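Student: I have a model open and would like to go through it. Can we take it one topic at a time?

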Amino acid sequence: MDTQLLLGAEAIALAAIDAGISGVYAYPGTPSTEITEYIQQSPIARQKGVHSTWATNEKTAYEAALGMSYAGKRSLVCMKHVGLNVAADAFLNSAITGVNGGMVVVVADDPSMHSSQNEQDTRVYGKFAFLPVIEPSNQQETYDAIRYAFDLSEQQNLPVLFRVTTRLSHSRAVVKQQPPREENILNPSKEKRKWILLPANARNNYQQLLEKQTTLASLSEQSFLNKTIAGNGTKAIIAFGIAYNYVMEVKQAENLDIPVLKISQYPLPDKLIKEFTDKYDDILIAEEGYPAYEEYLKGYFGNKKFRGRLDGALPRTGELSPDVVAKAMGVESDTFRTIPSIVAGRPPMLCQGCSHRDVFDALNAIFAEYPEQHVFSDIGCYTLGALPPFNAINTCVDMGASVTMAKGAADAGLHPAVAVIGDSTFTHSGITGLLDAVNDKSAITLIISDNSTTAMTGGQDSAGTGKLAEICKGIGVEESHIRTFVPLKKNHDENVIILKEELEYKGVSVIIAQRECVQTASRKKRQENKK
Amino acid sequence: MQTNIIIAGVGGQGILTIASIIDLAAMQQGLQVKQAEVHGMSQRGGAVESHLRISDSVIYSDLIPKGKANLILAIEPMESLRYLPFLASDGMVVTATEPFKNINNYPEEQAIKDEIAKTGKHIFVDAENLAREAGNLKAFNTVMLGAAANYIGISKDALEKAIESYFSAKGEAVVQLNIKAFRLGAAAI
Ligand code: SF4
């Protein structure tokens, strides 16, 4: 079969197509976005009619994937780690319902927070839900493991959680393809009761899920993803997921004769772990993310033979690297050149000509008149409004929090209570908060900085394009307080006046600042020129 | 044989084009490749880099260990300095001379040149003029690839073949423009 150079994310996508999925459901989020994009652009997926449009948020994506599985077909759902928080309700309950057609849940974690708000480790969610977790170490293994995960899901009637991290998702290597498999036929679930989580059914399902744990652990014992690499001596290493690469890099470069146990499938293979740990009295635990399994293996009273992120052998936070792993493996580091002090930081910034710039300029201008200048904001390119020269926003917590935090602050008496949110984030999680504000008649001004795309992740379609004013009207915002302006320099004065009027209004007002993202606009133009 | 390359630049400058051509050349030679890149937020005018590793045996880490890069190939002079901890003691720095000043505390250009010169083995490439000579400023990155060609561990013929396959979809004129740019870059050092 074919070999090709693929990002980890693309290897997931190709493997899922080859595993016979009928649909992928996702909301874009770095580092998971490229999975769905690859499927959208794949001629084979298109020819097969694989469903691949973007969902409004991770929860709707998750539930749609579950519905496809109910219908007997294979489905893939993808998100970044914080997206799983949004989908967590559906995720945990899907472990109780189980699945019909194979369902794989890919979650891309972002240790070191390259483009995220926290470092959460999805493996903890896997344990929380009692679901099997797969965490491959390289791109080929990723391809092979996705295919395996779909089979595992159907065998066990459970969703399978598939964890990757930024490094694997955004790194390319040669991947060898396997022969594709046909899609499942439409075969809706006949097990009527298991899908209805009324207490009586749910208790029964939960019991069954717990009983399955022994089977799942024994599957890990036999899994091709878990293996021992022989070596001598009394020191050893247990390497999880991508940490295996760093351990092997150092082992190879330094010619170290050290035994390694590689783990890429959970729940932990008990026998394999016990046999291995019994043999050695100094074991380094290398895992990417939380010291989740280090804590587990150490136990409450702290078995001294395990070292890792908890005792400082490895850094407690941040992404692993060959260098920190080498140090933990006792390799003396050479001295390296340092970065000359003249090198200045080069942080990301809003593009020249970006509409958010004009929104912030207008906002800063009007704010000069108010003693209290606080802006609740959200997640998207406009979060960069926190940096100079704008210094225009004060919060960025989670998708949609701008609206509801402004509401809370308004309820507390803060005036003006202003929220800034993007169009995609508004439909993702802002709508319900706005409805709360309408119902409570809270005095907030919501600015939807609408650039008709999900810009930060590369310009995917946005669910509310062309519908924002209608949506706001539909949930009860007074029509006279739904204002639209075009954020351009030449409209600055006019826009400041509109802002002023709405800030003064003691109820819910929405200002839609509408101008397309210059990046997607110029891409569209290029594509049109091609035609 | 193993070559570790850091390609450095600013988001939007197209460092991934260079990485993709080298990847392709390496794959066509039957070599192993790993290439870690930066996506998302930093691409908005921030510092970006790609760790590229080529080898005839298995490559484990997607990241290059410190002190192990044989080549830093920079599309922007200050960015070449940001990755010096990765440069091997006998490693090579190939950098474009044209600064990209999207920050107001950009250091003095001479000071940057002096720091680069301290590394010992370095090449400055006036890529902008060479690209113009080739026929289009967009060929900037292929000029840089040409200038670095001696340090990639892959023959120039193989790199040219990869340029051909990389640009073939865009038509023969684009292929020829980039081959010319590559050769001008290679001849400039
Ligand atoms: S990508 Fe679009 S929305 Fe984001 S900063 Fe650039 S122009 Fe603005």
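Student: Which helix gives the most to the lining of the largest cavity?

Tutor: Keep in mind that this is a predicted model. Helix α3 of chain B, residues 109-117, gives the most to that lining, with three residues.

Student: What residues line the largest cavity, then?

Tutor: The lining is made up of B:P77, B:T97, B:Y106, B:E109, B:I112 and B:K113. By class, three of the lining residues are nonpolar, one is polar and two are charged.

Student: How much space lies in the largest cavity?

Tutor: About 50 Å³.

Student: And how many cavities of 30 Å³ or more does the structure hold?

Tutor: Three. The second largest cavity has a volume of about 40 Å³.

Student: What lines the second largest cavity?

Tutor: A:E135, A:P136, A:R163, A:V164, A:T165, A:L168 and A:I242. Strand β6 of chain A, residues 160-165, contributes three residues, the most to this lining.

Student: How does the lining of the second largest cavity divide by class?

Tutor: Four residues are nonpolar, one is polar and two are charged.

Student: Pockets now. What is the volume of the second largest pocket?

Tutor: Its volume is about 590 Å³.

Student: How many residues line the second largest pocket, and which lie nearest its centre?

Tutor: The lining has 27 residues, and those nearest the centre are A:H114, A:R167, A:E319, B:E49 and B:H51. The elements giving two or more residues to it are α8 (166-169) and α13 (322-328) of chain A, along with β3 (47-55) of chain B.

Student: Which element gives the largest share?

Tutor: That is β3(B), with three residues.

Student: What about the classes in the pocket lining?

Tutor: There are ten nonpolar, ten polar and seven charged residues.

Student: Where does the second largest pocket lie relative to the domains of chain A?

Tutor: Between domain 1 (3-222) and domain 2 (227-329) of chain A, because both domains give residues to its lining.

Student: Is the crossing of α1(B) and α5(B) left-handed or right-handed?

Tutor: The crossing is right-handed.

Student: Last topic, the backbone. Which residues does the cis peptide bond with omega of about 10° join?

Tutor: A:T30 and A:P31. A:P31 sits in the loop between β2 (21-26) and α2 (33-41) of chain A.

Student: What is omega for the peptide bond from A:Y266 to A:P267?

Tutor: Omega is near 5°, and this bond is cis. A:P267 belongs to the loop between β11 (265-266) and α11 (270-279) of chain A.

Student: What is phi at A:N157?

Tutor: A:N157 is not a glycine, yet its phi is positive, about 55°.

Student: Where is A:N157 found?

Tutor: In the loop of chain A between α7 (139-156) and β6. That β6 is the strand that gives the most to the lining of the second largest cavity.

Technical notes. Residues numbered from 1 in each chain as written. Chains lettered and ligands numbered in written order. Predicted model: local features only at pLDDT ≥ 70, side-chain atom pairs only at ≥ 80, totals over all residues. Heavy atoms only, no water. 1 Å grid on protein atoms, 1.4 Å probe; cavity = no way out; pocket = protein on both sides within 12 Å on 5 of 7 lines; lining within 4 Å. Points joined across faces, edges and corners; volume = space filled by probe spheres on them. Helix = DSSP H or I, 4+ residues; strand = E, 2+ residues; numbered from the N terminus. Nonpolar A, V, L, I, M, F, W, Y, C, P; charged D, E, K, R; others polar. Domains from an automatic or database assignment. Left-handed = near helix turned anticlockwise from the far one by under 90°.
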